[in-house]
Amino acid sequence: MGLLRKIEVTAGVYWVEAPSADLRILCGCPADAVKHLMKRGLITPIENRGVPFETGPNVILLSDVMVQNGAFANLAEFPVLQMFYRQGMIIPGHPGNTGVRPLLIGSPEQVRAQIQYIYRGNYGLVSEEELIEAGAEPDVAVDLMRLKLKFAFGRIEHPSELIDTASIEGEAITIKGQVQVRRLRLNVFEFSIGDDTVTVDLNLPPYEVYECPYPLGFYYIPREYFAVLHSGEGDGWDINRPCMSSIMMFQGRIYMIDAGPNVVHTLNALGIGINEIEGIFHTHSHDDHFAGLTTLIRSDHKLKYYATPLVRASVAKKLAALLSIQEAAFSDYFDVHPLVEGQWNDIDGLEVKPVFSPHPVETTTFLFRAMWEGGWRTYSHLADICRIAVLKDFVTEDESKPGISPALFQQVLADYKVPADVKKVDVGGGMIHGDAYDFREDKSEKIILAHTSQRHTIAQRAIGSSASFGTVDILIPSNHDFIWRSAFDLLMSSFPGVPQHQIRVLINNPMVTFNPGTILAKERQTITDIWMVLSGSVEAIPPEGGGRSVLSAGAMVGELSGLFNTLVTETYRALGFVKALKIPCSLYTEFVRRNHLFPDITRLLETREFLQRTALFGEVVAVKTLNMIVREMRPQHFDADHLVDVGLDSVGMVIRGAVGRFIGERQVDVVGPGDFFGEEMSVFWTPSIFRLRTLEDTEVMAVPAQMVADIPSVRWKLFESWNKRVSAFVDGNERERTLLRWDESYRVNILRVDTHHRQLVELANAVVDTVDSVRGVVETVAVLDALVEFASFHFGEEEAMLARYGYPELEGHRVEHDVKMRALKALRERIAGGGEFGSMELEALFHRWLIDHIADEDRRYALFLNAKGVY
């Protein structure tokens, strides 16, 4: 047996073990990685000196890219908590506390992002200033920080004080003893002890998703008037059930309460398509309630996001830390609707009251109500809450000490006791979760015990009920099927301007329910009916089987084939229970002819089908949206070996040919048919560090950037691609020749700023490469323009950040930026005018212009911002 042992845990996750060095390495940590390790027996319960605890990893290798195929690839919050508390690595006097700290390894950017994300996951908002900025009154901010400090044992500790880190860059690094690791290429790593090696590839194949650790089955759920669908009663350690969550149904509309791991699996199991969801009510930012947010982004419209301003700010900061984006970007993906804490908020007839809940991060519980005969029908969702015994120990009248005031304590007790028709309660125990015994005298008609991985005791079963996955509590029954209203609304949206009586022609067709796994239409066959998806999800599988897209409410399966009597080009298969409107092809053809839609549809459908076969637009199902995109697309032709530019207001999509991405003279990748480019500036307003040049004669479609930016699923895929491209560039192999070499000592310990600085260094090197390649003044100036543009963008972001946090030396820093920009523009004009520069002269100029500035001015503000919790 070798010195290293490798086990594939699940898709994109591996376990590497080196017993001689006492190393157990979790490679890749998407959501629920801990549960996968438990299922595989790699985390097991043991006992030492009479103390029960768990085994598990002591090192985590992070993915080079933060997002893969729509899901978070690095979520180390729960694996680190497992090391700290369930292994005992941080508990004084514990057998598992040997003085060794958890170790995070990976690219410098991902390591730093994880540290900051864990920081926000532990504490949420970390100062009175942040709480006030998020909307808290100053006196409330003082009380909240007192409580937060009590949960934190008196001090907000940055994770860097508790976790060791190591960066994997160009050379192999030693983890411990003789065990080394090095990056072979993006997301592929080699571990070695002497001559013994193992390789792990953390890349997910295209269209593959991270696996769910537990089976869920399939359920057909009618849409109710007012009901609670139970979608999770477990916690972050429960290997058999999803984390505590619920789905609200009101007047046929669907709302989620929290979004924990594996949301896509949950929705498929319940027969709910992503486009059916109206919005999410969010309690707080811990991963078991947060990790599924990216799934909700995969809708073709912005989902409504309901939370109090403090909860939203905490969630936005955690997401921003995780992805190295601006907090304001949160509203690019969600339609934010702030809720007023402690008051009833009317959501189109459904009333909701968020109620303060004591927790380490900003948290509210929710009380929902709807009017009915005899009064209100109510549902109370209490996740996460704190045991009364723990809170009682927190009570102090000394306002200078961490803790909770007697008045706030009494208010929390009163809020816990508010009765409801159905009340779901966190009974996870410990310091930060609830206790079933606190609800022994509760007057609610039904209490459901949740948020635990343990079986309920006999005493607990006498207090509350359980709720299996997929069960429903109906609060107000429905006397008609809301799916018909949904069908009518979807058709009206798809055919604007068509009279309602004509829409009713299509509505007057049967609805069919498909069982999970059923094929609706099969490739290379003719069809007699077109299917409009009303609920559930359908996967579209191309003949080659190399990819797939997922369609939900509003998708028209077989439209082109049905209209023109051609063979179906893809196989369409139900992922869960699917309800669809069956429209005979002959009737649909007559409907199109009678309403004079043929000229438009004939022109649009072929391009629409091409778009829907691409990774970018494959999950956009709204016919109206696709038609608008097709109408606005502009074809462009570029001869071989020409620079490509579709304008700052467009995203380019290659129809035929190939486009190369270059940094200086180095080609970094190829954009082929169906692939896209230009999103950096047109969508994210970040100047590109790449130049685009055709590798052959190429046909391109220019798609209006604002249109794609407004579709969350498309915007998210653009972000994922952009993020992966930047990671590949930053973490890739060394350049053949580098004048300015990035060094760890240049870091200012603020992730987004450090990433910008590395890109500036690479662009400076690209300028030198282009000058030496003798490609001419035009291309040299083009690369210099990219450097000027990116530098201006970076300086602007830096100054805005310094202004936001009140940096006292901001004006002097701004003056330094002005001097730097004037020098760079002067260099650009000199080269454009035919002036010559040698490599050594350029190296010295860029070193003064960039490296000296980072080492001096930027380091000064970094210490100031780090002290305010900005990393």
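Guide: Look at where W484, A487, F488, L491 and M492 in α14 meet Q500, I503, R504, L506 and I507 in α15. Sorted by class, the residues of this contact come out as 8 nonpolar, 1 polar and 1 charged. Keep in mind that you're looking at a predicted model. Now for how the two pieces are laid out. Helix α14 covers residues 483–494 and helix α15 covers residues 500–507. Two packed helices are described by the angle between their axes and the distance between the axes. For α14 and α15, that angle is about 125°, and the axes are 10 Å apart. Angles over 145 degrees would count as roughly antiparallel and 65 to 115 as roughly perpendicular, so α14 and α15 are oblique to each other. As for the handedness, α14 passes α15 in a right-handed crossing.

Helix α24 (residues 777–804) and helix α25 (residues 810–832) have axes that come within 10 Å and cross at roughly 175°. That angle is over the 145-degree cut-off, which makes α24 roughly antiparallel to α25. The contact of α24 with α25 brings together 15 nonpolar, 4 polar and 7 charged residues. So, back at our spot, picture α14 and α15 as an oblique pair, with residues such as W484 and F488 of α14 on one side and I503 and L506 of α15 on the other.

Terms used
Residues are numbered from 1 along each chain as its sequence is written. This is a predicted model: local features need pLDDT of at least 70, side-chain atom pairs count only at pLDDT 80 or more; totals for chains, interfaces and linings use all residues. Side-chain values use heavy atoms; hydrogens and water are left out. Axes are lines fitted to C-alpha atoms, for helices over the stretch in contact, and angles run from 0 to 180 degrees between N-to-C directions. Helices (H or I, at least four residues) and strands (E, at least two) are DSSP runs, numbered from the N terminus. Angles under 35 degrees count as roughly parallel, over 145 as roughly antiparallel, 65 to 115 as roughly perpendicular and the rest as oblique. A crossing is left-handed if the near helix is turned anticlockwise from the far one by less than a right angle, and right-handed if clockwise. Contact means heavy atoms within 4.5 Å. Ala, Val, Leu, Ile, Met, Phe, Trp, Tyr, Cys and Pro count as nonpolar, Asp, Glu, Lys and Arg as charged, and the others, Gly among them, as polar.
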